Amino acid sequence: MHRSSPHSAPHPSLPAADPDALAHSERLSAHLRAQIRHNDGWLPFDQWMEQALYAPGLGYYAAGSAKLSPGSSSPQITAGDFITAPELSPFFGRTLAREAARILAACDSLHILEFGAGTGRLAEDVLTELHHLGMSVRYSILEISADLRQRQQARLAPWQDQVQWLDALPDAFNGCVLANEVLDAMPVKIVGWAADGEDLSTPVQPVEYGIALDEAEAFIWQARPAQATLAAIIEQRLLPYPGYRTEINLQAEAWIGQMGRWLQRGAALLIDYGFPQHEYYHPQRASGTLMCHYRHHAHPDPLPLPGLQDITAHVDFTAMADAALHAGLDVSGYTSQGRFLMNAGLPELLSELNPRETALYAQAIGPVQKLLGEAEMGELFKVLALSRGLPAPLQGFMRGDRRHTL
């Protein structure tokens, strides 16, 4: 059994948590320790991540603490742990609404389904823009966080006649599906190649990393030989470099596989940060992409402060596209967020701004530059479109489509 404990101590630059937050984290830690003991002393990381994020009443997304920052033009953002594109600028949701309107027209539907709606800001901006376009749609939200659902219901109260919350996937759906930063929050398996023992000259074997407990009951990493099905995936995707460690998101692939059963006609726009497979599993990315966010501090260690920090991993878009094709869906577009927004109608919306109103113009355009900039969200984030039964290409991918890189 190979044993490893990288990043076992809290990151030194993390802000101190207050006593109530620490008490909450300790309650979740006790729950996680019980899960580990119940599973013979070792919990695969995807199961540990799922409990850390979604354990009822305890997990990061299941407990009532501020997670998403309000958009602000000031660098002094103090609330929440991270900021998303809808919170950054209303132009994100308004542009997305225009592409959604074209999808709805193409499939003769007035139904939008959003997964993981956060604070409800994206839904609010999409509904507002569609109203301006003269469209009254049915807007369904599937949100697994009871806390976030309550916030969404409060924010979207003016739209209550159009918005409904679902408790399960639909049996059949025609329309437009939106999922902004959903795939990255799905629990991932941590896998890699490890030598048999400390002698790195011996042959490497595919391993899966999980969480165990040391003598002091602290969380530690521990690797075990990967089971046959997972080992075959590791051998297919990862070159056998000793010490190589990365993520495989089987839950996201299964989620897309399910979409192939219920999406009858329409398109899904999946927006997230990630890479095609040849970049994702590049030898230079030998420690993976796992990232945690705590009060606007990003770091790679998921073990400290469980329940108080977000845990994410970049998306392998090739695996998502392969899962879609296997499920009978079409991969109808893949490009950067910046290129998608420019194609989908952002320049037309920006023309509404008056450059002579200097202060208001600067306040609006600064966040948009972050959405578009290659050094900001514009290149890191990608948009993947999956569809069925659409007669025409999507405007958001008319220029700069990168499907050939998947």
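These are my notebook entries on what I looked up in this predicted model.

**Ground rules.** I number residues from 1 along each chain as its sequence is written, and my side-chain values use heavy atoms, with hydrogens and water left out.

**Cores.** I looked up which residues touch the most other members of the largest nonpolar core, and found Ile112, Tyr139 and Leu269 among its 48 residues. A nonpolar core here is a set of buried Ala, Val, Leu, Ile, Met, Phe, Trp, Tyr and Cys residues joined through side-chain atoms within 4.5 Å; buried means under 20% relative accessible area, exposed over 50%, and partly exposed in between, with a 1.4 Å probe and protein chains only. Helix H4 (residues 90–106) gives this core its largest share, eight residues; helices (H or I, at least four residues) and strands (E, at least two) are DSSP runs numbered from the N terminus. I also noted another core, apart from this one, with 42 residues that include Leu32, Tyr60, Ile190 and Tyr281. In soluble globular proteins, nonpolar side chains tend to be buried together.

For Ile112 I listed the contacts (heavy atoms within 4.5 Å) beyond four places in sequence, and they include Ala100, Leu104, Val126, Tyr139, Phe173 and Leu178.

**Helix H1.** I placed Arg33 in helix H1 (residues 19–38), and I count Arg33 as buried because its relative accessibility is 16%. A polar atom of the Arg33 side chain lies 3.0 Å from the backbone oxygen of Glu217. Not counting residues up to four places away in sequence, Arg33 touches Glu26, Leu213, Glu217 and Phe219.

Ser29 lies in helix H1 too, and at 5% relative accessibility Ser29 counts as buried.

**Strand E7.** I found Gln205 in strand E7 (residues 204–213), where Gln205 counts as partly exposed because its relative accessibility is 27%. Beyond four places in sequence, Gln205 is in contact with Gly192, Trp193, Ala194 and Pro225. I also looked up Gln395, 190 residues from Gln205 along the chain, and the two C-alpha atoms are separated by 45 Å.

**Two positive phi values.** Most residues other than glycine have a negative phi, and most peptide bonds are trans. Asp108 has a positive phi, near 55°; Asp108 lies in the loop between H4 and strand E2 (111–115) and counts as exposed at 72% relative accessibility. Leu305 also has a positive phi near 55°; Leu305 sits in the loop between strand E12 (297–299) and strand E13 (310–312), and counts as buried at 17% relative accessibility.

Methods
Predicted model: local features only at pLDDT ≥ 70, side-chain atom pairs only at ≥ 80, totals over all residues. Polar contact = N/O pair within 3.5 Å; in protein donor to acceptor, adjacent residues only side chain to side chain.
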